Amino acid sequence: LTGATIAVPGSRLRGISEPDEFYVRDLIGCVVNAGETLLGQVVEVYPGAANDALVVRTDDGKDILVPFTKDAVTELDLAGRRVCIRPDLFGASE
């Protein structure tokens, strides 16, 4: 299977019952705001030893890494496709 893609339809995935759990795929495409400032859209999630990082693509095509921690993320609204982070992380305004 080297080089092959293995996939499972989303309908076959088990439901998530814990409020702080979700599938990483659900983060892709979410808009990220730092306070009132739009940073961009999540295009990837890097798994890390200490914490994961969101790869956020800005409107000018640059990628920035955002720590995906309880300290950094102030709101996660998967239904609304939105992630809010502390504005001081990127010098944004409240």
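## Burial at Thr 58

A residue counts as buried when its relative accessible area is under 20%. Thr 58 has a relative accessibility of 18%, so Thr 58 counts as buried. The structure discussed here is a predicted model.

Thr 58 sits in the loop between S3 and S4. Beyond residues up to four places away in sequence, Thr 58 touches Leu 39, Gly 40 and Ile 64.

## Overall fold

The chain contains six strands and zero helices. Read from the N terminus, the order of elements is β-β-β-β-β-β. The C-alpha trace spans about 45 × 30 × 25 Å along its principal axes.

The chain has 94 residues, and buried residues make up 24% of them.

## The nonpolar core

The largest nonpolar core has 14 residues. Val 32, Leu 39, Leu 54, Val 83 and Ile 85 touch the most other members. Five elements are listed as giving two or more residues to this core: strand S1 (31–34), strand S2 (37–46), strand S3 (52–57), strand S4 (63–68) and strand S6 (82–85). S2 gives the largest share, three residues.

What does Val 32 contact, leaving aside its neighbours within four places in sequence? The partners are Thr 37, Leu 38, Leu 39, Gly 40, Val 42, Val 56, Val 83 and Ile 85. Among them, Leu 39, Val 83 and Ile 85 are also named with Val 32 as core residues that touch the most other members.

## Asn 33 in strand S1

Asn 33 lies in strand S1. Is Asn 33 buried or exposed? At 15% relative accessibility, Asn 33 counts as buried, because the cut-off is under 20%.

Neighbours within four places in sequence are again set aside. Asn 33 is then in contact with Leu 38, Leu 39, Arg 82, Val 83, Cys 84 and Ile 85.

## The aromatic pair

The structure holds one aromatic pair. Phe 22 and Phe 68 form this pair, and the geometry is edge-to-face. The centres are 5.7 Å apart, and the planes make an angle of 80°. Phe 22 lies in the segment before S1 and Phe 68 in strand S4, so the pair ties together parts that are 46 residues apart in sequence.

## The largest pocket

The largest pocket holds about 310 Å³ of space. Its lining consists of Pro 19, Asp 20, Phe 22, Phe 68, Thr 69, Lys 70, Val 73, Thr 74, Glu 75, Leu 76 and Leu 78. By class, six lining residues are nonpolar, two are polar and three are charged. Strand S5 (residues 73–77) supplies the largest share, four residues.

Asp 20 lies in the segment before S1. At 55% relative accessibility, Asp 20 counts as exposed, because the cut-off for exposed is over 50%. Ala 7 is 13 residues from Asp 20 in sequence, and their C-alpha atoms are 24 Å apart in space.

Arg 81 is found in the loop between S5 and S6. Arg 81 has a positive phi of about 60°, although Arg 81 is not a glycine. At 34% relative accessibility, Arg 81 counts as partly exposed.

Pro 87 is found in the segment after S6. Pro 87 has 10% relative accessibility and counts as buried. How far apart are the C-alpha atoms of Pro 87 and Thr 37? They are separated by 7.9 Å, although the two residues are 50 residues apart along the chain. Thr 37 is also one of the contacts of Val 32.

Definitions and conventions. Residues numbered from 1 in each chain as written. Predicted model: local features only at pLDDT ≥ 70, side-chain atom pairs only at ≥ 80, totals over all residues. Heavy atoms only, no water. 1 Å grid on protein atoms, 1.4 Å probe; cavity = no way out; pocket = protein on both sides within 12 Å on 5 of 7 lines; lining within 4 Å. Points joined across faces, edges and corners; volume = space filled by probe spheres on them. Nonpolar A, V, L, I, M, F, W, Y, C, P; charged D, E, K, R; others polar. Core = buried A, V, L, I, M, F, W, Y, C linked by side-chain atoms within 4.5 Å. Buried < 20%, exposed > 50% of the residue type's maximum accessible area, 1.4 Å probe, protein only. Contact = heavy atoms within 4.5 Å. Phe/Tyr/Trp six-rings, centres within 6.5 Å; stacked < 30°, edge-to-face > 60°.
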